[in-house]
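Thanks for coming. I have one structure to go through today, and I will keep it short. Please have the viewer open.

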Amino acid sequence: MPADTLTKTRWVYSFGGGGADGDASMKNLLGGKGANLAEMSSLGLPVPPGFTVTTEACVHYYANGKSYPEALKGQVETGLATVEKITGKTFGDAKNPLLVSVRSGARASMPGMMDTVLNLGLNDETVAGLAALSGDKRFAFDSYRRFIQMYSNVVLGLEHHMFEEILDDHKDRLGVTIDTALSADDWDAVVADYKKAVQDELGRPFPQDAHEQLWGAMGAVFASWMNDRAKFYRRMHDIPESWGTAVNIQSMVFGNMGETSATGVAFTRNPSTGEARLYGEFLINAQGEDVVAGIRTPQSLTEAAREEMGDTSPSMEAAMPVVFAEFKAVVEKLERHYRDMQDIEFTVEQGRLYMLQTRNGKRTAKAALKIAVDLAGEGVISRDEAILRVEPASLDQLLHPTIDPTAERNVVASGLPASPGAATGKIVFDADEAERLGNAGEAVILVRDETSPEDIHGMHAARGIITARGGMTSHAAVVARGMGRPCVSGAGEIAIYPREGLFRARGREFRAGEVITIDGSRGEVLSGSVTMIEPELTGDFAILMGWADQVRRLKVRANAETPLDARTARQFGAEGIGLCRTEHMFFDEDRIAAVREMILADDEAGRRTALAKILPMQRNDFVELFNIMEGLPVTIRLLDPPLHEFLPHTEEDLEAVALATGLDAAKLMRRAKELHETNPMLGHRGCRLGVSYPEIYEMQVRAIVEAACEVQKSGNPAPAPEIMHPLVAKGEEMKYLRELTDRTAKAVIAEQGVEIKYSVGTMVELPRAALRAGDLAATAEFFSFGTNDLTQTTFGISRDDSGRFLNAYIEKGIFEKDPFVSLDQEGVGDLIKIAAERGRAVRPDVKLGICGEHGGDPASIAFCETIGLDYVSCSPFRVPIARLAAAQAALTK
C-alpha cells in the first residue's frame, strides 16, 4: 500500500457503548450515516457499536490507483478491537463470532445508490457458533444464505437472480411459497447449493476468512461510489464526485431471530403529506433489505395506519407494545434533537430495540412545505430557517396538474399511495425503454414488479411509476418521492408479464404502449387518459412564499409573450415580464403571410407596406400583455432571429406556401437562397436587422408605444414598457438604435397626445458587449443578460448541438454541470460581473437582470444575488422556484 500523504491522518472513527469519536457536525468527513450514528451514540441511544472509515479514505483510494492508505489496516484492526470489547464477541471466532454490516454513507443522502453487505463474518465455522449461541439453527443458516447471496452479488459480481432461482427451486420442491416456511435443514441445503454455484461460476470457493470478507466488502462500497446508478444520481442532484463516500462497519443485530424480532423504517412525519404523525413500516422475523427492497409487503407501525390501509396483519403497536412505546419515545427525541423530520432504520432483536440510522428524511415538496411551516409554527425553527429548509427545485412538483375530482375514474388496480401527484402515459416494462421513449418526448409510465437502483434512469425518464410489490418505504417509493414522480407501489392485484409485454389486473389485459393514468395520492391505476386540473397554490405554499418574498432582494420576472404565459406568470407571483420575444408573435398563422411579404419586398416602400399590415396585430398583442401585467415592467425584445427562419425550408413547402398565399414561388425560392447563412447564429440577426432595415424596428417601437398610450387612455394601470435591442456589440450601434427608438416613440406620443414613460436598453449576449458595457451604458438604461447566447458565444458552443458531447465532458470531470443549465460562474459569470461594474461606472442606476434559462436555476440565482443584479427572469412555471431561491440567496449571502 502507498504511504499516507500525511502520516498522522486519522482514517477511522469509532462509535457505540454510550460514546463516539465524532458527532453530527462531521458529516463531510464521516458521511451522513456515520456522523449521525456517532451523534445517536453520544445521546445514549441504543446503537450497535461500530466504526466509520472516512470519506477521505475513499478520496485517497481513487487518487492512488484504488489502493488504501498505509495506516488504514492498523486503524481498522483497532476499530474492530473496540467493537469486540463492547460486544464481548470476537471477529472470526468460531464459538463466539462478531458479525458486522458494511454500509456506504456519503455526506449527501443517496438512498439505494451504493452497496451494502450484511451478516459479514459468517462462514462454515462461525455459522455453527451462531446457531449454538442463539439456540436457533434456522436463524443462523437463514443469515448465512443471505450473506452468501449479498456478498456474491456486491463483492464477487455474481447475478442476484442466480441465487433467487436456486431458492425458488427449493421452495417448489418443498411445496412452499414463503421464505419463513423453510426449516433449518432446508436453509442448510440452500447454503450448500449457493456455495456450489459460487464455485462453479468463479472456479474458487466462497471466501471463508472473515478479514478477507471485510476488506472485500469495503472495497466494494468504495467501488460503488463510481457505479452507473450512483453517478447518475449525483448528476441529477448536483453532488460532486470529489466528495467520496465513507464506509460504516457496525456490529450486526438481527431482526430475523423469530417472532420477537423485527426490522423497520420510520419517518417522524409523513414524507408525502408532511402530517405530524409517525409513519413507516416493519416486518417481523426479517432483515432490513426485506423492507426496502420490496421483497415482502411490510406491516404498519401504528394501529391508526393499519386501519387506514385496511391491513389485516398486526401493527407494531399491537404486536410489540412495549418495544413500540420505547421506539416512539426515541424517534420523538431524535426529531427534537435534529429539529427536522427524521428517516430512521431500526431493528428489534429478541425484544430489544436498536437504532441503525437516522437522517433528515427525503420528502415531497408538499410535505417539505408543511413540515417547514409547521416546525416554524411550533417554535422549533425560525421563519428564515423554514425558508432554507425547502429545496427550490422541488416546488416544480406542485406546479403541475392533478386529477380532476369530477373526472370519471375507471380504476383498474389499487396499491399504496407511495408518492403523490398524477400522470398519464404509455405503459413500458423496461427502464431502458422508458429512457429511450422519454428522450424522444413520449410520456411513459414505468410498470415493474419492483424497482431496483439499476432502474433509476428509467424512473427519471418516466412520468410515473407502478410496482406490483413493495411498500411505502420501498426503493420505488423513496426514489419517486425524491424525484417528484407519482408512484403507486405494492399493487399486488397487477400480474406483470414483461416478456409478453403486458400486465393483467381485475380480469383485464393491458399491453405495452397502451395509455394509463396513475394517481399517486390515492394509490390507484386508471385506464386511459383522465382530465387533470391546475394546482391551487395556497395554504403552506402561500405562507412560505410570503415569508420568502419578505426577505428576498432580487425581483423575479417571467419570460412570456402569450396572454396564457403572462397570466400564469402573474398567478405564480411574477413581478413583470423580463423577456417578451416578439418573433414568436410573427409566426401566428394570421400574420406570417404579411411577414413573408415583407421579406420578399424589393425595396423599403414594399417592406413598409407589408409592415403596416403587421402593426395593428403587434399593437393588440402588447395591449393585452400590458393589461394583464397591470403596470408591472414589460421588457420587449425587438426582432431577433434571421429573416430566413420565417420562410419555408424545403422546395415542397415553398410551393405549398406560394399556392396558399399567392406569393411568387420562384421569388420565394430565390429569396430563401439569398438569405441562407452558413452560421446564422452569428449572422444577420438581432440589432443588425434594425440597422439594415430600420423600418422593422420602427414598426415594432410604434406598436409598443401606441399600445402603451391606448392602455393609459383606457384608465387601466399605466404600462412600463422596456424596449430591448438584441445582440448589440458596440456603443455606436446602441447610440443609433436609441435614437431610432426615441425618434419613433416621440412621434407616437405627439400623435396620441399622451405622455408615457418607457426605457431603452440592450440584451448583453456577446463577450464584447460585456467587456465594453461602459460604452453601451452611455445610451442604454438597462442591461438584460441573455445568458443562453452569452454562454454560446463565450464557449463557442452551439446549445442545439452540445448534447452530442457535453455528457462526455461532464463524465470526465471537465465540466461539473451543463453550462446551459447552471451558469458558468468563472467565465460567463465573470463577464456579467465585469459588465455590471463597467455599466454602473458610467450609469450608476442602470437596471441589471438576466433572462436566459439560468434565471430559474437556484445556483445561478445565488450568483445574481452575490453580484447585485436587480432581477432574474425565467419561464412562468419556474417563477416560484426563483422566488424561493432568491430568498435563500439573500439569507445565505
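This is a predicted model: local features need pLDDT of at least 70, side-chain atom pairs count only at pLDDT 80 or more; totals for chains, interfaces and linings use all residues.

Let me start at one residue, Glu524. Setting aside neighbours within four places in sequence, Glu524 contacts Arg409, Val411, Ala413, Ser414, Val488, Thr517, Ile518 and Asp519.

Is Glu524 buried or exposed? Its relative accessible area is 14%, and buried means under 20%, so Glu524 counts as buried. In the secondary structure, Glu524 belongs to strand β25, which covers residues 524–527. Which partner does the side chain of Glu524 have in a polar contact? The side chain of Arg409 is joined to the side chain of Glu524 by a polar contact of 2.8 Å. For a sense of distance, take Gln571: Glu524 and Gln571 are 47 residues apart in sequence, and their C-alpha atoms are 30 Å apart in space.

Next, a helix. Helix α9 runs over residues 228–237, and its buried residues are Arg229, Ala230, Phe232, Tyr233 and Arg234. What covers the buried residues of α9? The cover includes α8, residues 210–224, and α17, residues 456–461.

Both ends of α9 have a detail to look at. At the start of α9, the backbone nitrogen of Arg229 has a side-chain oxygen of Asn227 within 3.2 Å. After α9 comes Asp238, with a positive phi, near 55 degrees.

Now the whole chain. The secondary structure amounts to 35 helices and 34 strands. Along the principal axes, the C-alpha atoms fill a box of roughly 100 × 65 × 55 Å. How does the radius of gyration sit against a compact globule? For 893 residues such a globule would have a value near 29 Å, and the chain has 32 Å, which agrees.

Of those 893 residues, 56% are buried. If you take contacts between residues at least 6 apart in sequence, 69% join residues at least 24 apart.

Last, surface and charge. The chain exposes about 35800 Å², with carbon and sulfur atoms supplying 49% of that area. There are 96 positive and 128 negative side chains, and the centres of these two sets lie 4 Å apart.

That is my part; questions are welcome.

Note on methods
Residues are numbered from 1 along each chain as its sequence is written. Side-chain values use heavy atoms; hydrogens and water are left out. Buried means under 20% relative accessible area, exposed over 50%, partly exposed in between (1.4 Å probe, protein chains only). Helices (H or I, at least four residues) and strands (E, at least two) are DSSP runs, numbered from the N terminus. Contact means heavy atoms within 4.5 Å. A polar contact is a pair of N or O atoms within 3.5 Å; within protein, one must be able to donate a hydrogen and the other to accept it, and residues adjacent in sequence count only if both atoms are side-chain atoms. The radius of gyration is taken over C-alpha atoms; the globule rule is 2.2 Å times the number of residues to the power 0.38. Accessible areas come from the Shrake-Rupley method with a 1.4 Å probe; for residues, only the protein chains shown count as cover. Lys and Arg count as positive and Asp and Glu as negative; His and the chain ends are not counted. The place of a charge is taken as NZ of Lys, CZ of Arg, CG of Asp or CD of Glu.
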